[in-house]
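Work through the exercises below with the structure open. Try each task before reading its solution.

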Amino acid sequence: MNLPPLVQSFVLHFGEMGSRWGINRTVGQIYALLYVSPAPICAEEIAESLGISRSNVSMSLRELQAWNLVILKHKPDDRRDFFTTPDDVWLILRTLAEERKKREVDPTLSVLREILMQRPASDAERHAQARMSEMHTLIEQLTHWYEDVKQLETERLATLLSLGAKVTKLLEAKDRVISLGRSRRPNPANKS
C-alpha cells in the first residue's frame, strides 16, 4: 500500500472488518480510503494507493454505488470519474441501515409472511409457525421502530443515542409513577 501509516492502519482494519459485515476486504478498504481522503479520487489513484488491480477497483466501486455509499464526482477538463463518500457520518449510517433493511430484513419479513399464511399440516408445522410468528412480530416491531427513528433529525437521533441507560431509568420512573397512581385510586369494590 502506498499510504501514510495512520491511513493504512484504518484502511487495513476496515478491510478486515468488511468480511464480518458481509462485504469483501477490497470493498471495505476502498470505502475506508474514500472516507478519509480529503478530495475525491479516481479509480487509478485507488488502485495505486491500495496496490490492487484496476478491475478489482471497478467491481468494488460498482458494489459501493449499488449500496449508495459513494458519490460520483467530475472535475473540469478530466474525463475520469472521481469518487468520495458523504461528509455527514450520520447520512452514511442512515444509508447503511436503509440498504441493510432492504437487503436483509424486508426479504425475511416477506418469507415469514408467506409461510405464516400457509395452513400447517402437522403439529411440528404448527409449532414451527408459532415460533416464526413470534419472530415475525419482533421483526415487525423493530421495523416500525426503525421507521420512526429514521424520521428523527440528526440532532435528536444523536441525543437519543447519548441517553443510553438513562432511557431505562426513565422507563422505570414512568412505571413507578403509574403504579403510584394506581395505588392511590379508590377501589370501586370497597364502596359500601
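**Exercise 1: a surface patch**

V89 belongs to helix α5 (residues 89-116); helices are DSSP runs of H or I with at least four residues, numbered from the N terminus. This is a predicted model: local features need pLDDT of at least 70, side-chain atom pairs pLDDT 80 or more, while totals for chains, interfaces and linings use all residues. Residues are numbered from 1 along each chain as its sequence is written, and side-chain values use heavy atoms, without hydrogens and water.

Task: classify V89 by its relative accessibility.

Solution. The value is 43%. V89 therefore counts as partly exposed, the class between buried (under 20%) and exposed (over 50%), with a 1.4 Å probe and protein chains only.

**Exercise 2: aromatic pairs**

Task: find how many aromatic pairs the whole structure holds, then describe the one between F10 and Y35.

Solution. Step one: the search gives three pairs. Rings of Phe, Tyr and Trp (its six-membered ring) pair with centres within 6.5 Å; planes under 30 degrees apart are stacked, over 60 edge-to-face, the rest tilted.

Step two: F10 and Y35 are tilted, with 6.4 Å between centres and 40° between planes.

Step three: F10 is in helix α1 (residues 5-20) and Y35 in helix α2 (residues 25-36), so the pair ties together parts 25 residues apart in sequence.

Step four: F14 and W21 pair edge-to-face, at 5.2 Å and 75°. F10, F14, W21 and Y35 make one aromatic cluster.

**Exercise 3: charge over ring**

Task: which ring lies under the charged end of K75?

Solution. The ring is that of F82, its centre 4.2 Å away. The test wants NZ of Lys or CZ of Arg within 6 Å of the ring centre and within 35 degrees of the ring normal.

Methods:
Helices (H or I, at least four residues) and strands (E, at least two) are DSSP runs, numbered from the N terminus.
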